Amino acid sequence: MLLNVSKVTVQFGGVTAVADLSLEIGRGELIGIIGPNGAGKTTLMRVITGMVRPTSGRVFLKGTDITGWTIDQRVRSGLALAQQIVKPLATFTLAENVALACGSRRMGSPWRAMTTLDRKAELEQAKALLELVGIGAAAHDYPSEVPLGYLKCLELARALALEPDLILLDEPLAGLNQAEAAEMADRIAALVTDARSIILIEHNLREVVRICPRLFVQDHGRNLDFGPTQQVMANPKVRAAYLGGGAD
Ligand SMILES: Nc1ncnc2c1ncn2[C@@H]1O[C@H](COP(=O)(O)OP(=O)(O)OP(=O)(O)O)[C@@H](O)[C@H]1O
Ligand SMILES: [Mg+2]
């Protein structure tokens, strides 16, 4: 098992953002996490990446308990994330932004990477990654010069630069029109390999249902269902959560 989230609960003051959630993911899987606003999807992802400590429960990566580990330790062990809000460094080109991520993996710190950036090797690797995500032609452009869709691809390339076993994506399709979203979704699906898994948090149900073989549904912090996509989408509780009814 690549990732095992076991009975995780997160409380923020009086709010239970994540309630006793468990989730297992193997190698080569693409899992979609869906659920209404405020369901605790991002909080669950932050528990996996180490940005939020769970109130209770454990997280295991490749069988090792990483619950108390720092974000850096997790990245070195194979985790990568792409955030809901895209924030590249404005004074660096797209290729340089990716090169910094390549460097931070090797040197353990983006700040050391920035000062000692070995332009050649890392820029070459960065350009290859930008090609892989479909925006190689914009390698020398600055973030302010490219459309949002390109910044989303940049975010993917930066995640790939960490050579992860598991990539966590939080709403990578948000803000894209339907054609761009479909293209981005295809790109994400193509990045899954026998060795690399992806967790995709997304509100664009059409695309999640199209590309994800399995879905994990969250509502009010709880898990409503986890299983094959068609089966989950046919679950009356899941439908009720989306219609705002509440099934129980
Ligand atoms: N740092 C925090 N401090 C206090 N409350 C928080 C914090 N982060 C999240 N919450 C609360 O936890 C709940 C779950 O939020 P979260 O952002 O995880 O939901 P989400 O499913 O990602 O929602 P969305 O689909 O809108 O992104 C919400 O009630 C939110 O207000
Ligand atoms: Mg969120």
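Me: How do the residues of the shell around ligand 1 divide into nonpolar, polar and charged?
Reply: This is a predicted model, where local features need pLDDT of at least 70, side-chain atom pairs count only at pLDDT 80 or more, and totals for chains, interfaces and linings use all residues. Residues are numbered from 1 along each chain as its sequence is written, while chains are lettered from A and ligands numbered from 1 in the order in which they are written. Here Ala, Val, Leu, Ile, Met, Phe, Trp, Tyr, Cys and Pro count as nonpolar, Asp, Glu, Lys and Arg as charged, and the others, Gly among them, as polar. The shell around ligand 1 divides into four nonpolar, six polar and one charged.

Me: Which element gives the most to the shell around ligand 1?
Reply: Ligand 1 is surrounded by residues including Phe12, Val15, Lys41, Thr42 and Thr43 (near means a C-beta atom, placed from the backbone, within 6 Å of the molecule). Both β2 and α1 (41-49) supply at least two residues each; helices (H or I, at least four residues) and strands (E, at least two) are DSSP runs, numbered from the N terminus. With three residues, the element that gives the most is α1.

Me: How many of the nine residues of α1 are buried?
Reply: A residue is buried if 20 or more other C-beta atoms lie within 10 Å of its own, exposed if 12 or fewer, and partly exposed in between, with C-beta atoms placed from the backbone. In α1 the buried residues include Lys41, Leu44, Arg46 and Ile48. The helix is mostly covered, and the buried count is eight.

Me: What is the order of the strands in the open sheet of four strands?
Reply: Two strands pair if DSSP finds at least two bridges between them. The pairing is antiparallel, and the order is β2-β1-β4-β5.

Me: In β4, which residue is the bridge partner of Val5?
Reply: Ser6 stands opposite Arg58 in β4. For Val5, the bridge partner is Val59.

Me: Which residue takes a positive phi in the hairpin of β1 and β2?
Reply: On the two strands, Gln11 stands opposite Thr16 in β2. The hairpin has two residues between the strands, and the one with a positive phi near 60 degrees is Gly13.

Me: Is Ala128 buried or partly exposed?
Reply: Ala128 has its place in helix α5 (residues 119-132). Its count is 14 other C-beta atoms within 10 Å, so Ala128 is partly exposed.

Me: How many residues are in the largest nonpolar core?
Reply: A nonpolar core is a set of buried Ala, Val, Leu, Ile, Met, Phe, Trp, Tyr and Cys residues joined through C-beta atoms within 7 Å. Val98 and Leu130 are among the members that touch the most others, and the number of residues in this core is 66.
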